[in-house]
Amino acid sequence: MKNKKALIILLSSLLIVTVFVFEYMLPDEQTAAPYFVKMNSEGKAIKKNQFKGYAYKEKVFDSKGHAKTISFFSEKKLPKNEHFKIVVAGNKLVTNYKKVNHLPKTFNI
């Protein structure tokens, strides 16, 4: 019985430490960031090593409405003049995207 309690406490502690490390200790560039974007370009078709997709350089908005220009890659072509919410990983690859009807009104486009 004592051994089971000690094992449960040890595993719980290990889980808490692991969650803490992944949540708070990883640098921001290692995590994915969501952005809103209006696609103003067709993108450039590229093939690098094992990757085949499109390269973009667009003005994006973070969730607070702050704008910046970033370069990113997408396996799928994102149509020009469409609005998207994209998630860009630290390696500049779009890991997820969703078409939206319009960008939030608080963003200065």
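## Starting at I86

Let's begin with I86: setting aside neighbours within four places in sequence, I86 is in contact with A33, P34, Y35, V37, F72, L78, V94, N96 and Y97. Contact here means heavy atoms within 4.5 Å.

A quick word on what you're looking at: this is a predicted model, where local features need pLDDT of at least 70, side-chain atom pairs count only at pLDDT 80 or more, and totals for chains, interfaces and linings use all residues. Residues are numbered from 1 along each chain as its sequence is written, and side-chain values use heavy atoms, with hydrogens and water left out.

## The nonpolar core

I86 also belongs to the largest nonpolar core, a group of 12 residues. A nonpolar core is a set of buried Ala, Val, Leu, Ile, Met, Phe, Trp, Tyr and Cys residues joined through side-chain atoms within 4.5 Å. Buried means under 20% relative accessible area, exposed means over 50%, and partly exposed is in between (1.4 Å probe, protein chains only).

Which elements give two or more residues to this core? They are β1 (33–38), β3, β4 and β5. Strand β5 gives the most, with three residues. Strands are DSSP runs (E, at least two residues), numbered from the N terminus.

## Aromatic pairs

There are three aromatic pairs. Rings of Phe, Tyr and Trp (its six-membered ring) pair if their centres lie within 6.5 Å; planes under 30 degrees apart count as stacked, over 60 as edge-to-face and the rest as tilted. One of the pairs is Y56 with F72, stacked at 5.5 Å centre to centre and 25 degrees between the planes. Y56 sits in strand β3 (residues 51–61) and F72 in strand β4 (residues 67–74), so this pair ties together parts 16 residues apart in sequence. Y56 is buried at 3% relative accessible area, and F72 is buried at 0%.

F84 and Y97 make another pair, edge-to-face at 5.8 Å centre to centre with 75 degrees between the planes. F84 is in strand β5 (residues 83–88) and Y97 in strand β6 (residues 94–100), so the pair ties together parts 13 residues apart in sequence. F84 is buried at 3%, while Y97 is partly exposed at 36%.

## A buried charge

Now for E58, found in strand β3. E58 is buried yet has no salt bridge (a side-chain nitrogen of Lys or Arg within 4 Å of a carboxyl oxygen of Asp or Glu). The nearest side chain of opposite charge, K80, is 8.5 Å away. The E58 side chain does reach the backbone nitrogen of N40, at 3.1 Å.

Notes:
Helices (H or I, at least four residues) and strands (E, at least two) are DSSP runs, numbered from the N terminus. Lys and Arg count as positive and Asp and Glu as negative; His and the chain ends are not counted. A polar contact is a pair of N or O atoms within 3.5 Å; within protein, one must be able to donate a hydrogen and the other to accept it, and residues adjacent in sequence count only if both atoms are side-chain atoms.
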